[in-house]
Amino acid sequence: MGTPPIIPAPAFSLFQRLHFFVRAHIIKGFVTSYFNVVSLLGIHQKQGSPTFIKVYQKGLTNRVFVPKSWKSGDAPLPLYLDIHGGGFTICSPMVDDRFCREFSDNNNFLVVSLDYPKAPAHPYPAPLVALIKAVKDVLADEALPFDEKKVAIGGFSAGANLALAVSQDEALHGKIGGVASFYAPLDFATDTKVKLATRPAHAGPDPLANIGPVFNWGYPVYAPSSKLPPKIYIIGCEFDLLCRESEILAERLASERSGEVVTSGPNWEKGGITFEKIIGEKHGA
């Protein structure tokens with residue numbers, strides 16, 4: 001489980017920064033318009049609507065999913081806090097509606113899909129600060145039927161990065177028992193060309209190859225294991241240029257945990273750290 005040296009990405013020129021600024025706003029405008037139309041037409045409801053909406057901070061709507069089988073008076077539910085992806089720049093909690101509804105109903109979990117401010121108008125650390133506050137607000141909300149001893153957080157892509165970062169907040173230590181990272185961007189220092197070279201030769205084009213730098217500009221491989229929850233589940237997709245950095249994080253965290261490594265094909269577990277590689281899939285699969 002050796003960790004390769006970081007190969008720094010080149011600094012962005014003024015022209016590149018302007019180029020990224022324009023592209024980010026074009027992408028943001030297109031995606032926002034798309035979801036406005038989807039919401040207006042009610043298309044997203046077919047994917048699985050939330051039970052209700054919660055607003056803890058002005059302008060940020062959090063979508064709450066209660067299992068359809070749960071009724072008032074039943075035992076408190078395990079809580080899963082979901083953070084959506086979108087390169088720190090685009091999308092909303094609505095994009096995870098189908099996942100949240102199915103996860104809630106199939107596993108009998110209370111799921112809260114969290115919103116956060118987006119770059120480039122709200123660059124780092126704005127989303128992290130807002131999410132930490134949102135998690136604290138959810139945990140303090142006595143109207144939500146959850147078991148405070150059974151709390152986990154996770155996310156997809158940029159949301160996975162933020163989930164790992166949020167779970168390190170000192171005020172939340174001991175309150176979050178696990179974190180799930182689905183194909184997270186974790187290394188902003190290594191050049192994209194180097195990351196592409198870590199994929200299998202037959203992987204084909206990577207959707208992040210050209211757009212990734214835009215998202216990187218708009219926005220924690222460096223966290224020690226002790227700062228994270230006891231259970232950490234990290235998923236990477238074989239054909240994703242981000243896969244190797246997820247595995248590197250898992251390997252480094254596992255090196256700080258005791259216990260034997262249990263392997264199953266490309267997947268393994270050690271001391272509460274689990275890494276799973278989804279074979280034959282690209283980012284966002």
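1. Buried means under 20% relative accessible area with a 1.4 Å probe, protein chains only. Strands are DSSP runs of E of at least two residues, and helices are runs of H or I of at least four, numbered from the N terminus.

2. This is a predicted model, in which local features need pLDDT of at least 70 and side-chain atom pairs count only at pLDDT 80 or more, while totals for chains, interfaces and linings use all residues. Residues are numbered from 1 along each chain as its sequence is written, and side-chain values use heavy atoms, without hydrogens and water.

3. Strand β8 (residues 262–264) runs antiparallel to β9, joined by three bridges; strands pair if DSSP finds at least two bridges between them. Ser264 has Asn267 as its bridge partner. Two residues separate β8 and β9 in a hairpin, where Gly265 in the turn has a positive phi of about 65°.

4. Three bridges also link β9 to β10, again antiparallel, and Glu269 stands opposite Thr274 in β10. In this hairpin, with two residues between the strands, Gly271 in the turn has a positive phi of about 55°.

5. The largest nonpolar core has 44 residues, of which Leu81, Leu114 and Ile153 touch the most other members. Such a core is a set of buried Ala, Val, Leu, Ile, Met, Phe, Trp, Tyr and Cys residues joined through side-chain atoms within 4.5 Å. Helix α5 gives the largest share, seven residues.

How values were computed: Buried < 20%, exposed > 50% of the residue type's maximum accessible area, 1.4 Å probe, protein only.
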